[in-house]
Amino acid sequence: MLIPVIMAGGSGSRLWPLSRQLNPKQFLRLTDAHLSMLQQTITRLAGANVALPQLICNEQHRFLVAEQLRQLGMEQASILLEPVGRNTAPAIALAACKAVAEAEDPILLVLAADHLIEDIPAFHASLEVALPLARAGKLVTFGITPTSAHTGYGYIEQGAAVGEGGYRVKRFVEKPDAATAAQYVAGGDHYWNSGMFMFRASRYLEELERFQPAILEACRVALEGGSQDLPFTRVHAATFATCPDDSIDYAVMEKTSDAVMVPLQAGWSDIGSWLALWEASAKDACGNVLRGDGLLLDSHNTYVHADSRLVATVGVQDLIIVETKDAVLVAHKDQVQQVKGIVDQLKQAGRHEHLNHREVYRPWGMYDSVDNGQRYQVKRITVKPGAKLSVQMHHHRAEHWIVVSGTARVTNGEQTYLVSENQSTYIPIGQVHALENPGVIPLELIEVQSGSYLGEDDIVRFEDKYGRA
């Protein structure tokens with residue numbers, strides 16, 4: 001059995017302001033108008049002989065993952081939650097331990113949720129080459145045939161041939177400088193390190209126990225002390241927090257004598273920066289990429305993303321321009337790796353723009369923070385059919401709800417009643433209340449909050465169908 005293990009953690013800070021901490025790049029539609037990067041990763045497995053995928057994600061992203069799986073009709077897929085990030089070696093160890101407990105030593109196909117692969121048949125062909133090597137006990141990684149002397153990727157040096165189409169890994173190389181990268185590409189023996197792997201679950205655990213036993217022990221105990229919550233597998237948070245932080249490359253692949261590489265030439269990119277996204281996108285005759293409402297006059301080799309308004313450029317070149325409802329980024333293409341520095345500054349300043357968009361997604365739907373002031377905030381709330389917000393109360397704010405479309409079932413203290421289009425209701429400070437959509441169309445309403453404190457942490461939940469604290 002071949003089980004895809006899809007790692008959906010990470011913050012994607014180099015793609016700010018589109019990618020935010022609570023809605024990072026793997027959940028965004030960056031290269032496809034209809035599918036997120038995670039959904040593309042899952043759908044490209046169609047036609048390959050694989051089981052349902054097992055996803056690994058941060059606790060904060062669990063409902064995003066569950067919703068994107070639901071959209072694909074894959075609600076039965078397993079979702080393994082990391083209470084804290086501990087890098088790829090522990091994440092894969094959790095998945096391997098879980099797989100060994102549930103199946104007879106399956107082969108794992110470890111994939112990142114945020115990579116682009118354009119040539120799916122070539123990708124499937126590489127999987128077929130890797131499969132017999134993994135069955136024979138090798139730890140297979142996929143080396144990307146380089147198309148340029150890229151300095152943003154690590155490299156794998158090819159060794160002697162193994163099996164049909166595989167090569168021993170001679171060594172892993174850190175990200176090189178430009179001159180060294182050019183030598184690697186000219187020599188023909190070096191490949192980009194893709195971060196994708198295939199191996200038997202037991203072989204990975206054996207090598208991890210040999211080289212990093214503390215990681216394996218912490219993951220085993222954390223998994224044994226965890227629990228099942230709807231589709232989510234939770235591990236023991238305190239135990240997992242003690243696990244060493246290490247990547248699979250450092251922990252295992254650079255040390256094992258059974259590391260094997262299979263070349264992959266399939267239009268791969270990790271979409272690790274705005275430049276990479278520009279390179280991977282279809283361009284007009286002037287080399288421009290336009291997403292959204294834009295007018296580009298005498299502009300060349302420029303990427304423009306407009307979320308909510310018209311963006312016009314005149315006489316510019318080699319720029320990245322990204323507009324969202326609450327932030328605008330303008331950067332030269334040669335400096336896009338510095339975007340992470342802006343995110344660091346936002347964190348240091350105690351601002352929120354690195355954390356989330358104006359539009360915030362919840363398991364019941366979403367809200368858009370339309371306006372706010374010293375003692376008020378206005379939100380546009382959308383509740384999915386059949387969904388219900390938690391039974392809750394607030395110590396510091398009152399709320400007015402005005403229904404724009406659909407019908408709301410409102411619990412307001414001891415009363416429960418319906419509120420229809422163009423009707424409103426008032427929730428006083430301290431009143432226990434709930435909001436539900438009993439209909440078959442989305443419920444749209446405007447919420448006006450007023451009070452001395454309007455933070456999202458002023459919520460006392462008494463009951464929640466989604467298992468939130």
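Q: Why does the radius of gyration of the protein chain agree with a compact globule?
A: In this predicted model, the protein chain has a radius of gyration of 24 Å. The rule is 2.2 Å times the number of residues to the power 0.38. Along its principal axes, the C-alpha trace spans about 75 × 60 × 40 Å.

Q: What share of the protein chain is called buried?
A: Buried means under 20% relative accessible area. Of the 469 residues, 51% are buried. The protein chain exposes about 20800 Å², with 50% of that supplied by carbon and sulfur atoms.

Q: What share of the contacts joins residues 24 or more positions apart?
A: A contact needs heavy atoms within 4.5 Å. Among contacts with a separation of 6 or more, 68% join residues 24 or more positions apart.

Q: How do you know where the domains of the protein chain lie?
A: The domain assignment gives their bounds: domain 1 is 2–269, domain 2 is 274–349 and domain 3 is 359–463. The centres of domain 2 and domain 3, taken over C-alpha atoms, are 35 Å apart.

Q: Which feature does UniProt place at residues 350–464?
A: The unreviewed entry names "domain: Mannose-6-phosphate isomerase type II C-terminal" there.

Q: What makes up the secondary structure over residues 350–464?
A: A strand needs at least two residues, a helix at least four. Residues 350–464 come to 55% strand and 0% helix. Their end C-alpha atoms lie 30 Å apart. The protein chain as a whole has 11 helices and 30 strands.

How values were computed. Residues are numbered from 1 along each chain as its sequence is written. This is a predicted model: local features need pLDDT of at least 70, side-chain atom pairs count only at pLDDT 80 or more; totals for chains, interfaces and linings use all residues. Side-chain values use heavy atoms; hydrogens and water are left out. UniProt positions are given in the numbering used here, feature names are shortened, and annotations may be inferred rather than shown by experiment. Domain bounds come from an automatic or database domain assignment. Buried means under 20% relative accessible area, exposed over 50%, partly exposed in between (1.4 Å probe, protein chains only). Accessible areas come from the Shrake-Rupley method with a 1.4 Å probe; for residues, only the protein chains shown count as cover.
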